[in-house]
Amino acid sequence: MERPGPSDGSDASGPDPQLAVTMGFTGFGKKARTFDLEAMFEQTRRTAVERSRKTLEAREREEEMNREKELRRQNEDLEPTSSGSNVARACSKSSSRDTSSSESDESSDSSDDELIGPPLPLKMVEEPVNPMEEGVLGPLPPPLAEDVEEEDDDDGDSEEEENPVRKIPDSHEITLKHGTKTVSALGLDPSGARLVTGGYDYDVKFWDFAGMDASFKAFRSLQPCECHQIKSLQYSNTGDMILVVSGSSQAKVIDRDGFEVMECIKGDQYIVDMANTKGHTAMLHTGSWHPKIKGEFMTCSNDATVRTWEVENPKKQKSVFKPRTMQGKKVIPTTCTYSRDGSLIAAACQNGSIQIWDRNLTVHPKFHYKQAHDPGTDTSCVTFSYDGTVLASRGGDDTLKLWDIRQFNKPLFSASGLPTMFPMTDCCFSPDDKLIVTGTSVQRGCGSGKLVFFERRTFQRVYEIDITDASVVRCLWHPKLNQIMVGTGNGLAKVYYDPNKSQRGAKLCVVKTQRKAKQAETLTQDYIITPHALPMFREPRQRSTRKQLEKDRLDPLKSHKPEPPVAGPGRGGRVGTHGGTLSSYIVKNIALDKTDDSNPREAILRHAKAAEDNPYWVSPAYSKTQPKTMFAQVESDDEETKNEPEWKKRKI
């Protein structure tokens, strides 16, 4: 960076003071700084060349040290044979020649624009020496042990790649006792640290592999949906929330410790168009989290809709998908899921169809296959492969089918003879996408439920595991742990693992011995043998009973004599023995014999004479309002006057 001097003498004299006063600042008139860009570029180039040269020198020194270590190790391996030393000397000569030639080449290259890049691998630099060319006699040196191990590993890997059955982790198992009823939901967090199970007994239990011992007990149990069966449990992609889908119309989201985060709103069941209501109006079937977007999930229900939700907005769904038949009629979705990238939403319906929508277009499905499974059967599961091109469906017609999303006009493969009796029997892909797993159902006492493995490429039934003497409802193959979780119809949750192929998970709790109960928890607190050793443990002295009785005699409440029970009807405000209710009084008096044989007419007329002689209660009250008699037989005035009562004569 250069700063040229003044070009003429006028600039040296400085700025005009009057001009500075006029412009308002004193620095006016100074010459601006100029920069020589060519000089700056040249300086930058020199700095870069110097740094590159230093980097190459450091790499050369590191390569020389690596060569010396390798040659020293080879000399130690070939000491028994004389040919080994000759070969080592030949290798050292060739390496020294290579080093000198490389140094000369690098020195010549450094004069020009030097290249920056990674060093060549050692296998390319140190070429093997042919003992026939050097004239060395004797047997050839044995190959290095590392090369033999690498070849063996390659052969083993190729065999495992050819046979994916060897990757199934089923050598060991543990059993988690959930309850006595069907385990209808399984969920494992992304890290594989916690397992959550739900069942027909309305319970949701939490299992922590790192905190459990060999007793395999859950650390928390709760009923988030009260008296509704648990249909589905799934951890979010971040592992901090759990989606709980039950038999009610409202899905819930709880955190890792079981506390409620949100509850979806219930829709208006009297609205015909389900797109105009804010939530589901009928029983839910299943739910699923979005694999990419945090806080978004999806549910499907008996109200013939699939709805997406956001955790931050529980008062209204985000979007509504309405499955329809080819004739445009409503059809109930029984299961739904997201694709691996979250761009597609797939749902299987009761009419046997599978419909797939674009997540952002809710009107018409992108793919629609109307005869995927038998109509009238509940397809219990649809799931995408990890590569996102294949869809597997577990039908209520005892079949498992594989579909290609790119050609969604017919199934790729179909397997039958897989009985299912539960509406949530699922299927899943292995972590390497080469196997497909599903469970089978059995009647009670009619065999054992199995976990069946199919090869994806040929769809052959390659492996089976007998789980227990009950149906296999849920199965989950975690990609990080490489462990298989199974939920059964008799209330068990089993975990299958391999100590060599699996990671963490069940391996953490198996090695822990069962903790013994502490003695302090089982024994009661002992009494102090010497009670007067300390003043704080000194018991109060027992006072005389006579003084206490005198005080109680003066107390009106304690000295009051209790009243004896009332015999007969109650008196003095006290209720009789028959009870204080009207019903008890009536029941008691119904049984009394109160028959009256007297004539009721005679009993009434018995008081007629007294009423006529002394009309005090009824007649005076109506004397002024009595109507005039009309259409009656008129008698003589004398007879009327004679027959009139005495009070009428006085009035007249």
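This is a predicted model: local features need pLDDT of at least 70, side-chain atom pairs count only at pLDDT 80 or more; totals for chains, interfaces and linings use all residues.
Gln 317 counts as buried because its relative accessibility is 7%, under the 20% cut-off. Leaving aside neighbours within four places in sequence, Gln 317 is in contact with Ala 275, Thr 277, Lys 278, Gly 279, Arg 307, Thr 308 and Trp 309.

Now for the nonpolar cores. The table sets two of them side by side.

| Core | Residues in core | Some members |
|---|---|---|
| Largest nonpolar core | 17 residues | including Ile 174, Leu 176, Leu 195 and Phe 209 |
| Another core, apart from it | 14 residues | among them Cys 428, Leu 451, Ile 465 and Tyr 496 |

In the largest core, Met 485 and Val 495 are also among the residues with the most contacts inside it. At least two residues of this core come from each of β1 (172-177), β2 (183-188), β28 (492-497) and α8 (506-510). Leaving aside neighbours within four places in sequence, the contacts of Leu 176 include Leu 195, Trp 207, Phe 216 and Val 495.

Finally, have a look at the second largest pocket, which holds about 1300 Å³ of space. Its lining has 49 residues, and Gln 234, Ser 288, Arg 340, Thr 383 and Leu 476 lie nearest its centre. By class, the lining has 23 nonpolar, 19 polar and seven charged residues. Strands that each supply at least two lining residues include β6 (230-235), β10 (284-289) and β26 (472-478).

How values were computed
Residues are numbered from 1 along each chain as its sequence is written. Side-chain values use heavy atoms; hydrogens and water are left out. Buried means under 20% relative accessible area, exposed over 50%, partly exposed in between (1.4 Å probe, protein chains only). Contact means heavy atoms within 4.5 Å. A nonpolar core is a set of buried Ala, Val, Leu, Ile, Met, Phe, Trp, Tyr and Cys residues joined through side-chain atoms within 4.5 Å. Helices (H or I, at least four residues) and strands (E, at least two) are DSSP runs, numbered from the N terminus. On a 1 Å grid over the protein atoms alone, a cavity is a set of points where a 1.4 Å probe fits but cannot get out, and a pocket is an open set with protein on both sides within 12 Å along at least five of seven lines; lining residues have an atom within 4 Å of a point. Grid points are joined across faces, edges and corners, and a volume is the space filled by probe spheres set on the points. Ala, Val, Leu, Ile, Met, Phe, Trp, Tyr, Cys and Pro count as nonpolar, Asp, Glu, Lys and Arg as charged, and the others, Gly among them, as polar.
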